[in-house]
Amino acid sequence: MGILNVTPDSFSDGGKWSDPERAAAHAATMVAAGAAIVDVGAESTRPGATPVPPEVELARLRPVLRAVRQAVRVPLSVDTMKAAVARVALAEGADLVNDVSAGRFDAAMLRLCATERVPIVLMHMRGTPRTMQHAPRYRDVVATVVAFLRQRAAVARRAGIPRQAIVVDPGIGFGKTLQHNLRLLANLGTLVRLGYPVAVGVSRKGFIGQLCDRPDPASRDWGTAAAVALAVAQGARILRVHDVPAMRDVLAVATAVVDA
Ligand code: HH2
């Protein structure tokens with residue numbers, strides 16, 4: 001899953017893809033390099049980010065989604081917590097919803113995905129992007145995240161989303177310390193055993209900067225490669241990444257080893 005952020009303030013690619021033509025060209029480049037899904041987001045969820053109103057999110061998203069839809073044929077996901085935004089995105093040709101709140105922020109989200117018959121990614125986050133990094137604490141982070149995702153998947157199914165249209169994601173960096181992120185990545189198999197496809201977003205995130213002493217997110221792709229390979233080895237199925245050409249090779253080797 002290639003990342004396309006249409007935001008002025010995303011931590012790695014903020015402001016780079018706001019122009020529809022450039023965004024479409026970047027999406028096409030990611031697909032040519034092997035991206036099977038392009039994830040388009042118009043609200044930053046980085047720690048401390050302030051939420052934007054749906055009109056602002058849509059004004060950023062709509063022209064870009066239109067251009068990207070013309071440019072590539074792979075499924076497009078819309079990274080949003082708002083049903084009103086998701087509804088317009090689906091009408092503009094998006095194929096699935098990536099909701100980092102797992103349907104908690106907007107009660108209409110799960111029903112929308114059910115009636116539109118589209119898959120949804122349910123991600124674990126503690127609190128909101130604005131508050132999530134304020135001293136996060138868990139008794140057992142792996143058990144907490146797995147229980148949360150099991151419960152949210154059950155809620156999604158009760159809303160009418162079929163089992164095979166649900167993807168779960170541990171939410172690396174969303175209300176977690178370095179140790180929490182490492183424990184989750186080390187125990188991804190526990191989440192895989194829930195039975196839903198697992199998505200993982202480690203690309204260029206802060207924990208890699210901490211481990212490798214790399215303040216600049218753009219310099220974190222080698223660290224990202226290690227995390228992606230280890231996630232694949234434990235059964236992760238969707239890897240949300242910025243550098244698609246590099247991670248395509250990481251996936252090719254990691255999946256070949258797993259398959260052997
Ligand atoms: N991480 C980010 C955004 N959306 N979605 C899923 N399913 N999983 C993730 O780990 C995830 C996500 C944050 O990264 P990014 O989009 O690169 O930055 P920002 O939130 O600043 O736009």
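Q: How many cavities of 30 Å³ or more does the structure hold?
A: This is a predicted model, in which local features need pLDDT of at least 70 and side-chain atom pairs count only at pLDDT 80 or more, while totals for chains, interfaces and linings use all residues. Residues are numbered from 1 along each chain as its sequence is written, and side-chain values use heavy atoms, with hydrogens and water left out. On a 1 Å grid over the protein atoms alone, a cavity is a set of points where a 1.4 Å probe fits but cannot get out. The number of such cavities of 30 Å³ or more is one.

Q: How much space lies in the largest cavity?
A: Grid points are joined across faces, edges and corners, and a volume is the space filled by probe spheres set on the points. By that rule, the space in the largest cavity is about 30 Å³.

Q: Which element supplies the largest share of the lining of the largest cavity?
A: Lining residues have an atom within 4 Å of a grid point; here they are V142, V145, V146, P170, L184, N187, L188 and L191. Helices (H or I, at least four residues) and strands (E, at least two) are DSSP runs, numbered from the N terminus. At least two lining residues each come from α5 (141-158) and α7 (188-192). The largest share, three residues, is that of α5.

Q: How many residues in the lining of the largest cavity are charged?
A: Ala, Val, Leu, Ile, Met, Phe, Trp, Tyr, Cys and Pro count as nonpolar, Asp, Glu, Lys and Arg as charged, and the others, Gly among them, as polar. The lining has seven nonpolar residues and one polar residue. The count of charged residues is no residues.

Q: Where does the ligand sit?
A: A pocket is an open set of points with protein on both sides within 12 Å along at least five of seven lines. A molecule sits in a pocket if more than half of its atoms lie within 2 Å of the pocket's grid points. By this test, the ligand sits in the largest pocket.

Q: Which element gives the most to the lining of the largest pocket?
A: This pocket holds about 520 Å³ of space, and of its 36 lining residues, the closest to its centre are F11, R46, I172, F174 and K205. At least two lining residues each come from β1 (2-5), β5 (120-123), α6 (178-186) and α8 (206-212). With three residues, the element that gives the most is α8.
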